[in-house]
Amino acid sequence: MSEQSRRPHKPGKPYRRPQKDPVRMLAFEALRAVDERDAYANLVLPPLLRKAREKGDFDGRDAALATELVYGTLRRQGTYDAVIAACVDRPLREVDPPVLDVLSLGVHQLLGTRIPTHAAVSASVELARVVLGDGRAKFVNAVLRKVAQQDLDGWLEQVAPPYDEDPEEHLAVVHSHPRWVVSALWDSLGGGRAGIENLLEADNERPEVTLVARPGRSTADELLDALGDESGLPGRWSPYAVRLTEGGEPGAIDAVREGRAGVQDEGSQLVALALANAPLDGPDKAWLDGCAGPGGKAAMLAGLAAERGALLLASEKQPHRAGLVAKALAGNPGPYQVIAADGTRPPWLPGTFDRVLMDVPCTGLGALRRRPEARWRRRPEDLDGFAPLQRGLLRTALDSVRVGGVVGYATCSPHLAETRAVVDDVLKHYDGGSAELLDARPLLPGVPALGDGPDVQLWPHLHGTDAMYLALIRRTA
């Protein structure tokens, strides 16, 4: 119990024990895990929700509200920090992180949901009493009452600089992205204000859940039949994709429980399909996924390879992630092998494979819809840390493919330093032979707005996918 909560209450005013709200308590617990342990909300939240359901504390509406509170608060953290900073008399760094989490949850309820003002304030103050004590609950109450005096548009007009004076900072505050991320995305996207605003807005939308029917093990029709007309829609671009609508539950589908289907973004599916369908000179018997964890693309490639009688080798450096790959591939109808190996020091011989996919580690700036906290953790200097690994893995891929074979270099980041700069640099200095870029766009049939090529950049606001990048490279000598 905190010092504040032990203080005697005023004479004549009976002390009321704070009431625990299971939904807001769970949301607060998730935010603390994200802050204290550098956890990811998409990994922390599901077990917390499952535990709450098992205890009988939650129903479906409670789970939906808790999820909205966690993800909405994380997505809009930059905006809410600017609003809170305008309402406190000290720098935000001097506000204790647990207090800031309670405040941010309250601000999201006030400015980002339809929860009535009095309910948002009172529920947040009650949460503060439970987790912080009565003294700091008074501080929370005072700040939230100031926040409640304006709506979101009013606050943005006050805390964001005018666009004409500082476009990047304006967009950073209004759309809740770090300034350096706004700048990097704008450089990669090109164009004027409308495009970047649409992209940043899409990053703050809750992404739909997309399933993949793993080739040779399930079909999109099977998934659609299991979901019914009200819960499932065909994918936009991938013939193996099914999109879940409100009420769609992956775990309710036999194919998903049995591993014959899985959850996989449609952009990720398109990358695997493009590599599998790229034209080859010569045989098509041995495929490699050189950064296979956690296994989504590998499972898709294994099924496509099996249809042609080809073998897939799925390699992943981290043993626990290699285990996830093995689980995803279990039951594949054709030959495959999963190994734990460092892709920069491969155990296989050069020129072994006909097709090679290298979906390299990156900043993950292409998946900010799904991992909103990543935008606040990443720093520009992280790019320097990934650069040598990305180049090394692409060189390994080129060494590993035979002459006439094809390499797919992919990242879940649109940052130019992780996409075209890597490909251009490696091809320019590659001394293990010669290679040429293929036009990847015809291998994504029906997908619009793929740019000038030959590489492909997908975008949340244009394609409804994560911002996946793909370059296809043929080994020519």
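User: Before we start, what kind of model is it, and how are residues numbered?
Analyst: It is a predicted model, in which local features need pLDDT of at least 70 and side-chain atom pairs count only at pLDDT 80 or more, while totals for chains, interfaces and linings use all residues. Residues are numbered from 1 along each chain as its sequence is written, and side-chain values use heavy atoms, with hydrogens and water left out.

User: OK, which residue does the "active site" annotation cover?
Analyst: The unreviewed UniProt entry puts "active site" on Cys412; UniProt positions are given in the numbering used here, feature names are shortened, and annotations may be inferred rather than shown by experiment.

User: Where is Cys412, then?
Analyst: Cys412 is in the loop between strand E9 (401–411) and helix H20 (420–429), where helices (H or I, at least four residues) and strands (E, at least two) are DSSP runs numbered from the N terminus.

User: Is Cys412 buried or exposed, and why?
Analyst: Cys412 counts as buried because its relative accessibility is 16%, and buried means under 20% relative accessible area, exposed over 50% and partly exposed in between, with a 1.4 Å probe and protein chains only.

User: And what is Cys412 in contact with?
Analyst: Leaving aside neighbours within four places in sequence, Cys412 is in contact with Asp359, Cys362, Gly364, Leu365, Gly366, Ala367, Asp466, Ala467 and Met468, contact meaning heavy atoms within 4.5 Å. Asp359 is also one of the residues that the unreviewed UniProt entry lists under "binding site".

User: Which others are under "binding site"?
Analyst: According to that unreviewed entry, they include Cys291, Ala292, Gly293, Gly295, Gly296 and Glu316.

User: Take Glu316: where is it, and what does it touch?
Analyst: Glu316 lies in strand E6 (residues 311–316) and is buried, with a relative accessible area of 8%. Not counting residues up to four places away in sequence, Glu316 touches Cys291, Ala292, Gly293, Arg321, Ala322, Ile339, Ala340 and Ala341.

User: What about Gly295?
Analyst: Gly295 is placed in the loop between strand E5 (286–289) and helix H16 (296–307), and Gly296 lies in helix H16. Gly295 counts as buried, at 0% relative accessibility, and, leaving aside neighbours within four places in sequence, is in contact with Val325, Ala328 and Leu329.

User: Switching topic, how many residues are in the largest nonpolar core?
Analyst: The largest nonpolar core has 57 residues, and Leu26, Phe58 and Val70 are among those with the most contacts inside it; such a core is a set of buried Ala, Val, Leu, Ile, Met, Phe, Trp, Tyr and Cys residues joined through side-chain atoms within 4.5 Å. A second, separate core of 43 residues includes Ala272, Cys362, Val406 and Leu443.

User: How do helices H2 and H4 cross?
Analyst: The axes of H2 (residues 22–37) and H4 (residues 60–75) come within 9 Å and cross at roughly 35°, where axes are lines fitted to C-alpha atoms, for helices over the stretch in contact, and angles run from 0 to 180 degrees between N-to-C directions. The residues making this contact include Leu26, Ala27, Ala30 and Leu31 of H2 and Leu65, Leu69 and Val70 of H4.

User: Last one, where is His463, and is it buried or exposed?
Analyst: His463 is in helix H21 (residues 460–463) and counts as buried at 1% relative accessibility. Its contacts, not counting residues up to four places away in sequence, include Arg236, Trp237, Val447 and Pro448.
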